[in-house]
Amino acid sequence: AGLRRSAGGMGQSLPPVPAAARAAFAALALRGPLRAGAASLGGDGASSSGAGGARGAAGAWRVACVVRVGNSSAELDAFRAVAATWGAHCHWLAALAQPSTASMLEQTEGRFAVLADEAVADQRGAGGDALKVLELARIVLAQRAGPLGEALLKDVELACGLLQPTLFLAPENTEGFFTSLFDAGGLGHPIPSAALICGRRLTCLTRAALRAPAGGPQSVVSLATCGGSVGEHCAVNASRPIALHAPRVQDLNSLYAVLYTGWPPAERCVSALSVARHPRPGRGRPPRAAVLLGSLLRAPEATVGVLHRLFKDRGIRYKVFIYTGPLANTPGCDEVLHILRSQLGAELREATPQDVADEEEFEAVTGAGHMRQWFKLQRAYDLMEAHERRTGRAFDLVLKLRTDLELPGPLSLADFPEVLVARVVYTVLDLLFLCSREAARTLLGDIQHRLEGRAGNERRILPIKYDKLLRGDGRDVAMQVFPDLGSERFREAVQQNHINVVKMEVRRHRAALEALHRRADAGEVLPIVSGHWRFRNDTQEYKKWEELGRLPKDDEMDSIRHWYYHLHTATPEVSARGWPVKVPLSRMRHYRQCNCEPPDCFRADLPYPWPPLERLRRLRGRWQTLLEERFKGDP
């Protein structure tokens, strides 16, 4: 069963535990459901207390969690994710870090303490382990906060130290393991002196072990699966994991969603895992989703059928909000509108002549017709907000969709594990994205005006958040414009989107890059480097558009680039994630559509001549040129 007892080093000894009892609590900890002992662990229910807050469920132990945090950006991000996920279920959570790292953590919002000490650096070597993390935390508390500070650790039933923030700890299951252990051994109360060890990475001590003098004998329990992967826990039919390997922020968020909120798991075996007092995987409350279609109704048959069952999870309730241009009065389009309104209950707003005039003003500012989709999306978002005000109930998820996308099938929530527990957006270019309602408020609440504020010369150098670049996967900066450092290595990495090399060069030349940005902000025109094809005449895309005579002008905004820049600069921060499957565009999107939008198409009931004539004159001039070239002046 992977249990081991040893003596020496941490406090008082426990009475001998019979082999039968060891087998009993091994089964409890690794395979069977936890028994309801002193902590009242029966069943799923409300969550336990938050970090630093009051004691949670009646009878629950107070668990202190101390996490050593290194000075890398990856560990800083991992601890922030810890504080927002499982760390919020500790009675008291603290980061143990070097002073320079501690100062950065102190600027982070969150319910956790920061303990700073130079000795933290010594924990990185082979001699560092989780037990020393707890010992150093006690020393720092005694030195910095006196008896009151040290009492924070002593006034808990259990204290856990983690060598790195790359473990997903379940405080409720850790508490349950100890109560089951003592019940199976017939040891009774008060809680004896004991320790749980997960290699060097995790140590949990009971209150008696925390108060015991150093050097005395101490019973130690070591679990073979503790700290292992989900697959390793599934292989031994584990039901209540204590700690799982979570090397990335995405893993911490995903495990939290599945084990604490009951989000559907991607792996079937994960359904057997659970955390005490929380919904089992796949049994959480289904979210409510808003579906926004702010676009022309191109190739509507590609999506209308899918909208009948948009999500694989049947418990999800969703409502569709559509803002589109003036509609064509054809039998086929009338049938599409009947399906959207009557069968799907969609709220659909058709643009008025004044709406179209306003949209053309937006195009004039942004310089590109394809930017008009953001004008339409803003109004679809406004429809959703108006519905929320009427009903007094907000949505949980927001899905931005287009009718000309060929979704391979209903969406599975298991493919989007972070969407409700972290500020992330799953996105396919500027075509499709899914995020939480809070993230949508940040991204779409004022997107039209933000895009208008960034209009202008596309060759100018916009501010880059280099800290975010170093933490992320580079998805949001792949097509951005950087100042040219004169470094061939940096230039090639940016152009080829080799994000790891870009990060190395940014770390090496950070001061020089920021100095160039300051010069650009002051109005100086500097040489640039970018991975976008429009700035690289050696790419196939550039050559093709040049051949067609349709190379974008410098003042024509690029929708994809500015969507990702919008993500990059979002405040509060939103991180981009890739869509889990490929989603192609319909091949018929240029040939089948249900809109008649001036000045390309005029309905009989729309005013003519169209008020904003400038674009129409440009269009007519382009037609005249094509006619003259084709018919060589023949009337």
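This is a short tour of the structure, stop by stop.

**Whole chain**

The model is predicted. Start with everything shown as a cartoon. You are looking at 20 helices and 18 strands. Now colour by burial. Of the 635 residues, 53% count as buried. One more overall view concerns contacts. Take those between residues at least 6 apart in sequence: 74% of them join residues at least 24 apart.

**Stop 1: helix α19**

Select residues 559-568. This is helix α19, and it is mostly covered. How many of its ten residues are buried? Nine are. Show the side chains. The buried set holds three histidines, His-562, His-566 and His-568. Trp-563, Tyr-564 and Tyr-565 are buried as well. Ser-559, Arg-561 and Leu-567 complete the list.

Now step back to Asp-558, at the start of α19. A side-chain oxygen of Asp-558 comes within 3.2 Å of the backbone nitrogen of Ile-560.

**Stop 2: Asp-404**

Select Asp-404. You land in the loop between β13 (397-400) and β14 (424-428). Is Asp-404 buried or exposed? Its relative accessible area is 2%, so Asp-404 counts as buried. Next, show what touches it, leaving out residues up to four places away in sequence. Arg-298, Ala-299, Ala-302 and Thr-303 are among the neighbours. Pro-584, Leu-585, Ser-586 and Arg-589 also touch Asp-404.

**Stop 3: Glu-418 and Arg-577**

The structure holds 31 salt bridges. The next stops visit some of them. Stay in the loop between β13 and β14, but move to Glu-418. Which residue is its salt-bridge partner? Select Arg-577: the closest N and O atoms of the pair are 2.7 Å apart. Arg-577 sits in strand β18 (residues 575-578). The pair links distant parts of the chain, 159 residues apart. Both ends are covered. Glu-418 is buried at 2% relative accessible area, and Arg-577 is buried at 14%.

**Stop 4**

Select Asp-77, Arg-80, Arg-471 and Glu-573 together. Salt bridges that share partners join these residues into one network.

**Stop 5: Asp-396 and Arg-285**

Select Asp-396 and Arg-285. Their side chains meet in a salt bridge, 3.5 Å from N to O. Asp-396 lies in the loop between α12 (372-391) and β13, and Arg-285 in the loop between α8 (249-261) and β10 (288-294), so the pair ties together parts 111 residues apart in sequence. Check the surface on each side. Asp-396 is buried, with a relative accessible area of 17%. Arg-285 counts as exposed, at 60%.

**Stop 6: Glu-359 and Arg-372**

Finish with Glu-359 and Arg-372. They form a salt bridge whose closest N and O atoms are 2.9 Å apart. Why does this pair tie together two parts of the chain? Glu-359 belongs to helix α11 (residues 353-366) and Arg-372 to helix α12, so the bridge joins parts 13 residues apart in sequence. Glu-359 counts as buried, at 0% relative accessibility. Arg-372 is buried too, with a relative accessible area of 6%.

How values were computed: Residues are numbered from 1 along each chain as its sequence is written. This is a predicted model: local features need pLDDT of at least 70, side-chain atom pairs count only at pLDDT 80 or more; totals for chains, interfaces and linings use all residues. Side-chain values use heavy atoms; hydrogens and water are left out. Helices (H or I, at least four residues) and strands (E, at least two) are DSSP runs, numbered from the N terminus. Buried means under 20% relative accessible area, exposed over 50%, partly exposed in between (1.4 Å probe, protein chains only). Contact means heavy atoms within 4.5 Å. A polar contact is a pair of N or O atoms within 3.5 Å; within protein, one must be able to donate a hydrogen and the other to accept it, and residues adjacent in sequence count only if both atoms are side-chain atoms. A salt bridge is a side-chain nitrogen of Lys or Arg within 4 Å of a carboxyl oxygen of Asp or Glu.
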